[in-house]
Amino acid sequence: MTELQEVQITEEKPLLRAPGGPDPGKDAELITAKLLQEHGQKHQVETPYGIVTITIHGTPKPKRPAIFTYHDVGQNHHSCFDTLFHFEDMQEIIKNFVVIHVDAPGMEEGAPAFPLGYQYPSLDQLADMIPCILQYVNFTSIIGIGVGAGAYVLARYSLSHPNTVEGLVLINIDPNAKGWMDWAAHKLTGLTSSISEMIMGHLFSTEELSKNTEMVQQQRDILSHATNLPNIQLYWSSYNSRRDLSLERGGDISFKCPVMLVVGDQAPHEDAVVECNSKLDPTQTSFLKMADSGGQPQLTQPGKLTEAFKYFVQGMGYIPHVLDKKLSQGGLVLHDAPVPLTHRLSVQCRLGGREPVPLAHPVPEQRGRGAPASGPHHGGVLLSARPGDETASHL
């Protein structure tokens, strides 16, 4: 196995900024994008498993998928994704897409508690709601971004509807069902800890909880004052009753689209995400272990995640070029030209590290869904080490 290398992504300049100073036209577009993010249109969609609330930002773009998000337990789309989607550099990306945020049933702001005895949907049933949502908004394909339980829901949907998913960003995914020992430990913990404390342990690392950071305090305050805490408990129970995704590298059950797995260094779900990575096709999968990001990398490191997401989307052909930008102290640079690669090259990436990795040589490649199914779809910077290495990561 090759020695793991670290890649640092710095945030010294905004993404995709034209050379020669500010561009008034682009600045106006950014302002518009920000306004669209702040003023989304809420809709309630009926499904066979109940009503789900969605929030739509932006206007449809021809032949482009929607960015489709799904949040974790103890959160809604605001608390889970606002920090990422309001990040300045993210506006350069999302202005080119419609963004659809899903709040799991009963998780939207101001949601009343479900009546006693209400049967909350399983995670599989939450995934089965997504076709109803896409039919409602008249979209045929998505790029999914999910966290925790939401990552599982999007993964389950992608396995059953592969032709409608162009890419997946799965943060803190655990594709495994709970074993009987995990189940027993969960039951024992439930006897000594409150639902809020168990969810906090799901969302944040032990170190974050011990430091009681401002973000931890805010989340704890949200849970302690949540009028819909019974609903949150139902979502939590559904998550803990999830089925195994049964992913297998080279097997029949696998994702048919590019996947980016993301987890924070020392996060509660680090081992589960590493195991998930080992079960996926290395030519289709990017694995980002983000340093100094804790259990919620989309909240603590939005700049680095935005940078990685830009490469991911560019690889599908939806951002035709990127401007020069240093990625590390060693001068890792992107070029002002289309740079998707046919050659998938790999390294183990820890975003936030110090050692630079040399650029690979770009080779022209077909765009997005027109590319060969077995070939790589991530453009941008793909870094060289050993192709096909089980522990490799792709950027």
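## Tyr118 and the aromatic pairs

Tyr118 is partly exposed, with a relative accessible area of 27%. Here buried means under 20% relative accessible area, exposed over 50%, and partly exposed in between, with a 1.4 Å probe and protein chains only. Tyr120 is buried, at 5%. This is a predicted model: local features need pLDDT of at least 70, side-chain atom pairs count only at pLDDT 80 or more, and totals for chains, interfaces and linings use all residues. Residues are numbered from 1 along each chain as its sequence is written, and side-chain values use heavy atoms, with hydrogens and water left out.

The structure holds 7 aromatic pairs. In one of them, the ring centres of Tyr118 and Tyr120 are 6.4 Å apart and the planes stand at 70°, so the pair is edge-to-face. Rings of Phe, Tyr and Trp (its six-membered ring) pair if their centres lie within 6.5 Å; planes under 30 degrees apart count as stacked, over 60 as edge-to-face, the rest as tilted. Ring pairs also join Phe114, Tyr118, Tyr120 and Tyr235 into a cluster.

## Charges over rings

Arg64 lies over the face of Phe97, 5.7 Å from the ring centre. Arg242 places its charged end over the ring of Tyr239, 4.2 Å from the centre. The criterion is NZ of Lys or CZ of Arg within 6 Å of the ring centre and within 35 degrees of the ring normal.

## Nonpolar cores

The largest nonpolar core has 60 residues. Such a core is a set of buried Ala, Val, Leu, Ile, Met, Phe, Trp, Tyr and Cys residues joined through side-chain atoms within 4.5 Å. Phe68, Tyr70, Ile100, Leu170, Tyr235 and Leu261 have the most contacts inside it. Helix α4 (residues 123-137) gives the largest share, 8 residues. Helices are DSSP runs (H or I, at least four residues), numbered from the N terminus.

Apart from this core lies another, of 27 residues, among them Cys80, Phe81, Met260 and Ala308.

## Helix α2

Helix α2 spans residues 77-85, and its buried residues are His77, Cys80, Phe81, Leu84 and Phe85. Seen down the axis, they fall within an arc of 95°, so they line one face of the helix. The arc is that of the directions from the helix axis to the C-beta atoms.

Asn76 caps the N-terminal end of α2. One of its side-chain oxygens lies 2.9 Å from the backbone nitrogen of His78.

Notes: Helices (H or I, at least four residues) and strands (E, at least two) are DSSP runs, numbered from the N terminus. A polar contact is a pair of N or O atoms within 3.5 Å; within protein, one must be able to donate a hydrogen and the other to accept it, and residues adjacent in sequence count only if both atoms are side-chain atoms.
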